[in-house]
Amino acid sequence: METLAVPMKKTPRIVQRIIEAINQADTICIAGHVRPDGDCIGAQLGLGLALRAEGKRVSVWNEDQTPEKLAFLDPEGLLERPRGNGDFDCVIAVDSASYERLGSVVEHIKNRRILINIDHHASNTRFGDINWVRTREPSTGELVFRLLKYARWPITPRIADCLFTAVSTDTGSFQYPSTRPATFVVAGELVKRGANLGTICREVYQSFPLSRVKLLRYLFSRFRLIHKNQIAYFWLRPADFARSGADPADAEGLIDHLRAIEPVIVACVFEQVEPELIRVSFRSKRPSVDVNLIASQFGGGGHAAAAGARIVGTPQVVQRKVLAAVRRALDTND
């Protein structure tokens, strides 16, 4: 029977440097971005478990807690909020487009010898001492998979669960245009190595808390369509979370329901984090409308089809500026 495997070319020099830096380190911190998603959590845990198996002393830190639907990946509680002033030989930032996106973690990783940046966002600022940024890759989980393969570190069933979750969630369960033929090969090899599809699908895609369903009901009753129904937008405020019993993690993925409306080209969700701090998420389903460029106008970034920004200003002013920018992008591409 033919063996399924990801073809591996000669190890790229940048990956060699990463492997050498990790091999020379004893204490390692793996840091993720604020409001971590499946790609961030899966890549952190997959890499963290592999390095622990190699005898490294590993800390895995996020500013925010793990979303409930991803908690099954971390039964031992490896993921923690940052604490103390860590003294690390090596810090590895995964899936973070900028140093600031690490949030409060940055205050705890200043005592380090080297910072490695592994990411796939087009807006990445190359903030590390070593930067492995592959914008054509649909997920950071796929990059971590390739790193483990190049380093010849074992990929256990538990690591396979983490990396399959990373790849699946950041490709929209292999539906986004960023998904490449090689992505399916990676997913197949992870299944071969023990990824439990039944558990992953049940926990990630079929186990929503009631609080999220209440937010979804609110979304469908309050969303707005403008610009010939090509723009859909929706607001989430602190009172909405309190009313539904939800937390911000429950809002992850709600925007995809707006994008799925047939006439909609760009979907936006405005989340009021503070009285004058708004988190805006963007999604586009037309390749010619790059929401990364829209988000970059407000200091944010991401990918052509999915991006975000945190914008200072009153809700009315932020909404007006953002929707005007989206209109311009659509009109330019008519």
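1. Basis. In this predicted model local features need pLDDT of at least 70 and side-chain atom pairs pLDDT 80 or more, while totals for chains, interfaces and linings use all residues. Residues are numbered from 1 along each chain as its sequence is written, and side-chain values use heavy atoms, with hydrogens and water left out.

2. D74. This residue sits in the loop between β2 (57-61) and β3 (79-80); strands are DSSP E runs of at least two residues, helices H or I runs of at least four, numbered from the N terminus. D74 is buried without a salt bridge, and R158, the nearest side chain of opposite charge, is 4.1 Å away. Buried means under 20% relative accessible area with a 1.4 Å probe, protein chains only; a salt bridge needs a Lys or Arg side-chain nitrogen within 4 Å of an Asp or Glu carboxyl oxygen. The D74 side chain does reach the backbone nitrogen of L78, at 2.7 Å.

3. Open sheet. Six strands are arranged β3-β2-β1-β4-β5-β6 with parallel pairing, where pairing requires at least two DSSP bridges. Because β3 and β6 (130-133) are edge strands with a single partner each, one side of each has no neighbour in the sheet. β2 and β3 are joined by two bridges, and W61 has E80 as its bridge partner in β3.

4. β10. Eight of the eight residues of β10 (277-284) are buried. Eight bridges join β10 to antiparallel β9 (266-274), and a hairpin of two residues connects β9 to β10. β10 also pairs antiparallel with β12 (306-312) over seven bridges, with I278 opposite I311.

How values were computed
Buried < 20%, exposed > 50% of the residue type's maximum accessible area, 1.4 Å probe, protein only. Lys, Arg positive; Asp, Glu negative; His and termini not counted. Polar contact = N/O pair within 3.5 Å; in protein donor to acceptor, adjacent residues only side chain to side chain.
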